[in-house]
Amino acid sequence: TLGLFTFPLLPMVAFFPGMVVMTHLNKLDDYYYYLVLAPLVAVSFVLFISLEIAALKWLLLGRIKPGAYPLHDSFCFRKWFFDRTMTLSLDVIGPLYSTLYLAPWYRLLGANLGRRAEISTASFVSPDCLNIGDESFVADAVSLGAARIRNGFLTIDQITIGTRTFIGNSALIPIGATIPDNCLIGCLSMPPSAAISNGSSWLGSPPFFLPQRQLTTGFPPELTFRPTRRLIALRLFIEFFRVTLPSTCFIVLTNVLLSVFLLIREEVHVWQMILLFPLIYATAGLAAALLLIAFKWLMMGRYHPCERPLWSPFVWRTEVLTALLDNFASPFFLDLMAGTPFICWFFRLLGAKIGRRVYLDTTELTEFDLIKIGDDVAINLDCTLQTHLFEDRVMKMSTIDIGAGCSLGSMSVVLYDTEMDRGSSIGELSLVMKGESLPANTHWSGIPSQNLDTTKWERG
């Protein structure tokens with residue numbers, strides 16, 4: 001109970017110093033100082049909440065050691081509380097992840113990170129038990145060493161990821177796992193329980209060995225693994241805006257909302273203000289959506305199938321746009337529209353080709369122009385239309401074509417260069433691999449997806 005009541009205070013405390021300064025200056029002659037101050041408040045918020053979480057980690061847990069802890073021991077409560085703060089960090093400072101600014105914070109938490117290791121939105125981290133080698137890459141939504149609860153004990157153990165190893169989107173790395181150098185663990189996959197060799201690739205759950213995979217070698221090392229100082233400085237500059245821009249936009253928009261209510265509070269009754277609130281909030285949400293649309297066309301224009309190295313301004317700019325979508329437009333307004341016709345209108349304005357009567361219950365779309373969805377398609381909760389991957393530190397992006405009458409189960413993932421012909425479907429938590437074509441009126445499920453209409457595996 002104490003933890004539940006304390007937890008909401010963390011972001012409020014981080015916002016407090018910046019908001020005090022903003023409130024003080026708003027009392028001056030120019031009431032709209034917050035438009036200038038919002039970026040500074042955003043920077044202070046990201047800094048303070050990062051330091052808060054680090055301080056709580058060391059105060060509550062000290063150095064986390066592998067072992068089995070009784071479930072009703074105070075350590076388990078303290079670990080639970082820290083895990084919730086790490087989840088909070090994904091929600092409120094999500095743009096910090098997969099930037100150069102993340103590594104110093106992870107090291108402050110106790111993680112052992114090699115040089116130029118890249119980590120995106122990883123979850124369930126026990127920092128002192130995390131070891132990642134030089135130049136490895138951990139993609140979005142990876143579960144890194146979630147503690148295991150069984151038979152009244154909470155078990156924590158080391159996980160080790162070697163040099164230049166790639167962990168794909170939504171993969172699960174269990175406690176005690178050791179993944180050697182130059183390996184690949186695919187999307188929605190986990191490593192085998194047995195020891196694996198250097199340079200091997202694995203896909204699925206349970207995983208199977210991939211005898212070969214497509215490699216990209218067309219870019220020099222200074223654009224993939226060994227960047228120049230100029231490129232490092234340029235990336236730090238662009239990623240500064242990636243980290244701070246979503247919070248800045250949120251602060252400005254919420255202050256505009258507050259200003260509206262302050263202006264009308266003496267003109268209308270309380271019950272009228274209550275009735276007006278949904279309309280005013282919807283107007284602010286529309287402004288957030290239009291702002292994101294404007295950023296998309298100004299920063300990126302129209303997406304085309306291409307390959308770009310990690311160390312290129314194109315990649316950093318598109319990640320700024322993704323941060324605005326995931327950490328500003330989505331939580332402020334867009335998530336509320338999921339599953340309604342309005343969300344289709346929004347993604348059409350971003351460049352996606354979406355037919356009539358489409359049910360879309362996800363916001364997991366990025367390179368919008370590369371997505372084509374036919375009439376009467378149902379895309380269920382939290383599906384991901386993955387138009388890019390970052391294998392070999394190269395951002396490879398291409399098209400996804402979903403035919404009329406198709407259906408995608410909840411939390412399924414469709415990779416790029418795929419086609420789903422009319423009336424085909426995939427089940428929940430399933431993976432359509434890149435380059436696949438699902439024939440019309442067939443039904444698929446699994447990781448990777450298997451044709452349920454036959455007794456054998458069929459790949460398009």
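**Cores, buried residues and a pocket**

The largest nonpolar core holds 68 residues, and F346, F347, L385 and I402 are those with the most contacts inside it; such a core is a set of buried Ala, Val, Leu, Ile, Met, Phe, Trp, Tyr and Cys residues joined through side-chain atoms within 4.5 Å, where buried means under 20% relative accessible area (1.4 Å probe, protein chains only). The model is predicted, so that local features need pLDDT of at least 70 and side-chain atom pairs count only at pLDDT 80 or more, while totals for chains, interfaces and linings use all residues. Residues are numbered from 1 along each chain as its sequence is written, and side-chain values use heavy atoms, with hydrogens and water left out.

- Not counting residues up to four places away in sequence, I402 touches K372, I373, G374, V377, I379, L385, L408 and M420, contact meaning heavy atoms within 4.5 Å.
- A second, separate core of 56 residues includes A42, V46, F82 and I159.

- T85 is found in helix α4 (residues 74-92) and is buried, with a relative accessible area of 0%.
- The side chain of T85 reaches the backbone oxygen of F82 at 2.5 Å, and T85 also touches F7, L10, I53 and L56, residues up to four places away in sequence not being counted.
- K57, in helix α3 (residues 34-60), is likewise buried, with a relative accessible area of 0%.
- The side chain of K57 makes a polar contact with the side chain of D128 (2.5 Å), a polar contact being a pair of N or O atoms within 3.5 Å, of which, within protein, one must be able to donate a hydrogen and the other to accept it, and residues adjacent in sequence count only if both atoms are side-chain atoms.
- A polar atom of the K57 side chain also lies 3.1 Å from the backbone oxygen of L109.

**Lining of a pocket**

- The lining of the second largest pocket divides into ten nonpolar (Ala, Val, Leu, Ile, Met, Phe, Trp, Tyr, Cys and Pro), three charged (Asp, Glu, Lys and Arg) and four polar residues (the others, Gly among them).

Terms used:
Buried < 20%, exposed > 50% of the residue type's maximum accessible area, 1.4 Å probe, protein only. Helix = DSSP H or I, 4+ residues; strand = E, 2+ residues; numbered from the N terminus.
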